[in-house]
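The following dialogue is a lesson in reading a structural model.

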Amino acid sequence: MPVIHFVTTSGETLALAAENGRSIMEVAKANDLPMLAACGGALACATCHVIVDEDWYDRLDPPSEDEEDLLDTAHGLTPTSRLCCQIRVSDALDGIRVTLTPMD
Amino acid sequence: MSTQIPSGTEVTDVAIIGAGPVGLFAVFECGMLQLRCHVIDALPALGGQCVALYPEKPIYDIPAAPELTASELIARLQQQIAPFQPRFHLDQQVTELQRRDDTWELTTSRGTRIRARAVMIAAGVGAFGPNRPPLPGIEQYEGHCVHYLVAERERFRGQRLVIAGGGDSAVDWAIALADVAAEIHVIHRREQFRAAPETSARLHELAATGKIQLVIPYQLAGLEGDGERLAAVVVKTLKGEARRIPADHLLAFFGLASKLGPINDWGLGAHNGVIPVDPSTGATSMPGVFAIGDIAGYPRKLKLILTGFAEAAHAAHAAHAVVHPDRALHFEHSTTAGVPIRAS
């Protein structure tokens, strides 16, 4: 199974095995990481905002216009900000690193 | 026996915290068991997340309703529960939950006090309020220098404004205040705005004439001031290059965001926004306090509206035993009993 590296807001890194086909948001929630993901993946909020490591950002499918619209409502954006409910786990993402953003 | 109840305190059988789909359907399930309900919500309207986040999104997994929008779902639930005459306390958040003899007393941010034998927490992902930018010290400027809505346009006459956000509210207010304000800087993280094409075009016209300064691609980074009056808004590019914009007011339009808030402090063991419950009743660790819908957690929970509806039915039956411990519950299906109407 691919491994996703989550960096928490306190700087701790957790390497979590993830099933292909799940979203990174689902992996985070299943492992009880601090993430609100208020809308549950319906692409209706921005509370699963993560910062993708620069090395990995360009390997992802680019964000949709709907995702861009919602990123407009997030805070603390970086050039590699994404909503992780839109990133599907696959073998190609084995080793990806994402940094969580504060829940508030 | 109960001590005297202070005047002005509402008394009911069940207090439901949250007027989202599950809180509303709990009124129905309680009503079928002749339990009277009061419902409290932080938003000024019914519907919770359905109206706050995705009113126009279609929902396909409501039994016997092949497709309806979230706002239609709420309208139908309102119709369905109307016979039970629930009392709503909107635009206020429950701040305290305290045991008073054999009842619970809820106090809201508007000072409403409600006593109920049973409480159902149907608070979803928490109370919705403005999506506040997490800028250090922002709270000391809120209300007089930092605003999340515009109540009165004239208030900003001759003032230097920073408007942040990229949606309809930001664009509409930038246009509407262009003739009133001394200066308007619009901060947005990218070229495109989420606004109707005509309004976007109007914004760019005003920017071309110099009435509005577009500060793109920037986001809010900080506030400067003496703690009372705002002096400047600091903005940064996504890469961190900073710019300081002298301003009297910041208008921040980032939509709504939810926060669990005081519920965390009620001793219910809430963790990451979830209150652990007994899935067969919705019972929490406190007697007579139930949690239903997205906020209620148990192994293999499915966060679906339809799961929440079923949880509301379970909790209503369990709440009946709390409200009327001496009364047997003679169960009848709605097809047999009809909808009992009871004045509150």
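The dialogue below takes the chains, their contact, the cores and the sheets in turn.

Q: What kind of model is this?

A: It is a predicted model.

Q: How many helices and strands does chain A have, and which pattern do they follow along the sequence?

A: One begins with the secondary structure elements and then reads their order. Chain A has 3 helices and 5 strands. Along the sequence they follow the pattern β-β-α-β-α-α-β-β. The radius of gyration of chain A is 12 Å, close to the 13 Å given by the globule rule for 104 residues, so chain A is as compact as a globular protein of that length. Its C-alpha atoms fill a box of roughly 30 × 25 × 25 Å along the principal axes.

Q: What percentage of chain A is buried, and what percentage of its contacts joins residues 24 or more positions apart?

A: Of the 104 residues in chain A, 38% are buried. Among contacts with a separation of 6 or more, 63% are between residues 24 or more positions apart.

Q: How are the corresponding values for chain B to be read?

A: Chain B has 7 helices and 21 strands, and its C-alpha trace spans about 75 × 50 × 40 Å along the principal axes. Buried residues account for 43% of its 344 residues. Of the contacts in chain B between residues at least 6 apart in sequence, 62% join residues at least 24 apart.

Q: How many residues of chain B are in contact with chain A?

A: An interface is read from both sides and then by residue class. Here 21 residues of chain B are in contact with 18 residues of chain A. The chain B side comprises 7 nonpolar, 8 polar and 6 charged residues.

Q: Which residues have the most contacts inside the largest nonpolar core?

A: That core has 96 residues, and those with the most contacts inside it are B:Val14, B:Ala26, B:Val119, B:Met120, B:Ile121, B:Phe290 and B:Ala319. Helix H1 of chain B (residues 21–32) gives the most to this core, with 8 residues. A second, separate core of 34 residues includes B:Phe156, B:Leu230, B:Val233 and B:Val235.

Q: With which residues is B:Ala319 in contact, leaving aside its neighbours within four places in sequence?

A: Its contacts are B:Val14, B:Cys30, B:Leu35, B:Ala118, B:Met120 and B:Phe290.

Q: In what order do the strands of the parallel sheet lie?

A: Strands of a sheet pair through backbone hydrogen bonds, in either parallel or antiparallel fashion. In chain B, an open sheet of 5 strands with parallel pairing has the order S10-S17-S11-S12-S13. Its edge strands are S10 (146–147) and S13 (213–215) of chain B, each pairing on one side only. Within it, strand S11 (residues 160–164) and strand S12 (residues 183–187) of chain B are joined by 5 bridges, and B:Ile163 has B:Val186 as its bridge partner in S12(B).

Q: Which strands does helix H4 of chain B lie across?

A: Helix H4 (residues 168–177) lies across S11, S12 and strand S17 (249–252) of chain B, and runs at about 160° to S11(B).

Q: How is the sheet S14-S15-S16 of chain B paired, parallel or antiparallel?

A: The pairing of these 3 strands is antiparallel, and the sheet is open. S14 (218–225) and S16 (242–246) of chain B are the edge strands. The twist averages 25° from one strand to the next. Between S14(B) and strand S15 (residues 230–237) of chain B there are 7 bridges, and B:Gln219 stands opposite B:Lys236 in S15(B).

Technical notes. Residues are numbered from 1 along each chain as its sequence is written. Chains are lettered from A and ligands numbered from 1 in the order in which they are written. This is a predicted model: local features need pLDDT of at least 70, side-chain atom pairs count only at pLDDT 80 or more; totals for chains, interfaces and linings use all residues. Helices (H or I, at least four residues) and strands (E, at least two) are DSSP runs, numbered from the N terminus. The radius of gyration is taken over C-alpha atoms; the globule rule is 2.2 Å times the number of residues to the power 0.38. A residue is buried if 20 or more other C-beta atoms lie within 10 Å of its own, exposed if 12 or fewer, and partly exposed in between; C-beta atoms are placed from the backbone. Two residues are in contact if their C-beta atoms, placed from the backbone, lie within 7 Å. Ala, Val, Leu, Ile, Met, Phe, Trp, Tyr, Cys and Pro count as nonpolar, Asp, Glu, Lys and Arg as charged, and the others, Gly among them, as polar. Two strands pair if DSSP finds at least two bridges between them. Axes are lines fitted to C-alpha atoms, for helices over the stretch in contact, and angles run from 0 to 180 degrees between N-to-C directions. A nonpolar core is a set of buried Ala, Val, Leu, Ile, Met, Phe, Trp, Tyr and Cys residues joined through C-beta atoms within 7 Å.
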